[in-house]
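Please look at the sequence and the three-dimensional structure shown here.

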Amino acid sequence: MRDGGNNIYKYMTADRKLNGENSKSEMRDMISYFEKSTGVFNGDGFISQEHLKEIQERAKADKILWHGFISLNEEMSRKIDMPEKCMRLVKRTFGEFFRDMGLDPKNMDLICSLHKDKPHHLHIHFWFAEKEPKCKYRKRELEYRHKGKIEKAVIDRMHVRLNTFIEERTDKMYMTRNEALRELKRITFPKSIVSEDEVR
């Protein structure tokens, strides 16, 4: 892509998109992370200016840039109303998504932004591309992936992961699981004989 994803990036980080109606008010409180970062993030956290420049430079290569968005309804929008919540969602879902596409998650550039311009359904815009060419076609040298279509089954599996993440029960299940693991670590068999009830 000739512009290295600049048009997509400008759209993703437009002030009115990131801040919604608040962007029209001079009294608005600027979200702190926009003051210290580029306004974009991925599953590892906020993306610095330096890292973003590297990503944009790599995006100038002749390769596919995928772009999409995750949109939640009004009831579930609270699950992604802060960048930190979005980062957790991205971290838990995109690795498997890339693997389902036949891509190496460690070889992917991914940038995301939270848009608040439609408060009744908050949404996360994202784009991603391969960092380095890893595919072998008929030529001897490695190439970037040529086919840009994402199979419906891959998208369906992503929907399942996203739905699992946003369901309230998921948070409770993770908490219960972590509490159970902590309790099992606390009860060590050298200290005492563990009863079946304690393990349960």
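A residue is called buried when its relative accessible area is under 20%, exposed when it is over 50%, and partly exposed in between, as judged with a 1.4 Å probe and the protein chains only. By this rule Asp-156 is partly exposed, because its relative accessible area is 34%. The model is a predicted one, in which local features need pLDDT of at least 70 and side-chain atom pairs count only at pLDDT 80 or more, while totals for chains, interfaces and linings use all residues. Residues are numbered from 1 along each chain as its sequence is written, and side-chain values use heavy atoms, with hydrogens and water left out.

The overall plan comes next. The protein contains eight helices and five strands; these are DSSP runs numbered from the N terminus, with helices (H or I) of at least four residues and strands (E) of at least two. Along the sequence their order is α-α-α-β-β-α-β-α-β-β-α-α-α. Of the 200 residues, 38% count as buried. A contact means heavy atoms within 4.5 Å. Among contacts between residues at least 6 apart in sequence, 65% join residues at least 24 apart.

Consider now strand β5, residues 123-130. Eight of its eight residues are buried, so the strand is largely enclosed by the rest of the structure. In a regular strand, side chains alternate between the two faces of the sheet. In β5 both faces are covered: His-123, His-125, Trp-127 and Ala-129 are buried on one side, and Ile-124, Phe-126, Phe-128 and Glu-130 are buried on the other. Two strands pair if DSSP finds at least two bridges between them. Strand β3 (residues 66-71) runs antiparallel to β5 and is joined to it by six bridges, with Trp-66 standing opposite Phe-128. Strand β4 also pairs with β5 in the antiparallel sense, over eight bridges, and here Leu-114 stands opposite Ile-124.

Strand β4 spans residues 108-115 and includes Ser-113. Is Ser-113 buried or exposed? Ser-113 is buried, because its relative accessible area is 0%. Leaving aside residues up to four places away in sequence, Ser-113 touches several residues, among them Met-12, Val-40, His-123 and His-125. The side chains of Ser-113 and His-115 are joined by a polar contact of 3.4 Å. Such a contact is a pair of N or O atoms within 3.5 Å; within protein, one must be able to donate a hydrogen and the other to accept it, and residues adjacent in sequence count only if both atoms are side-chain atoms.

Salt bridges form the last topic. A salt bridge places a side-chain nitrogen of Lys or Arg within 4 Å of a carboxyl oxygen of Asp or Glu, and the structure holds eight of them. In one, the side chains of Arg-58 and Asp-109 meet at 2.7 Å, N to O. This pair links distant parts of the chain, with Arg-58 in helix α4 (residues 49-58) and Asp-109 in strand β4, 51 residues apart. Arg-58 is partly exposed at 25% relative accessible area, whereas Asp-109 is buried at 3%.

Asp-156 and Lys-152 also form a salt bridge, their closest N and O atoms being 3.0 Å apart. Both residues lie in helix α6, four residues apart, about one turn of the helix. Lys-152 is exposed, because its relative accessible area is 59%. Finally, a network of salt bridges links Asp-100, Arg-157 and Arg-161.
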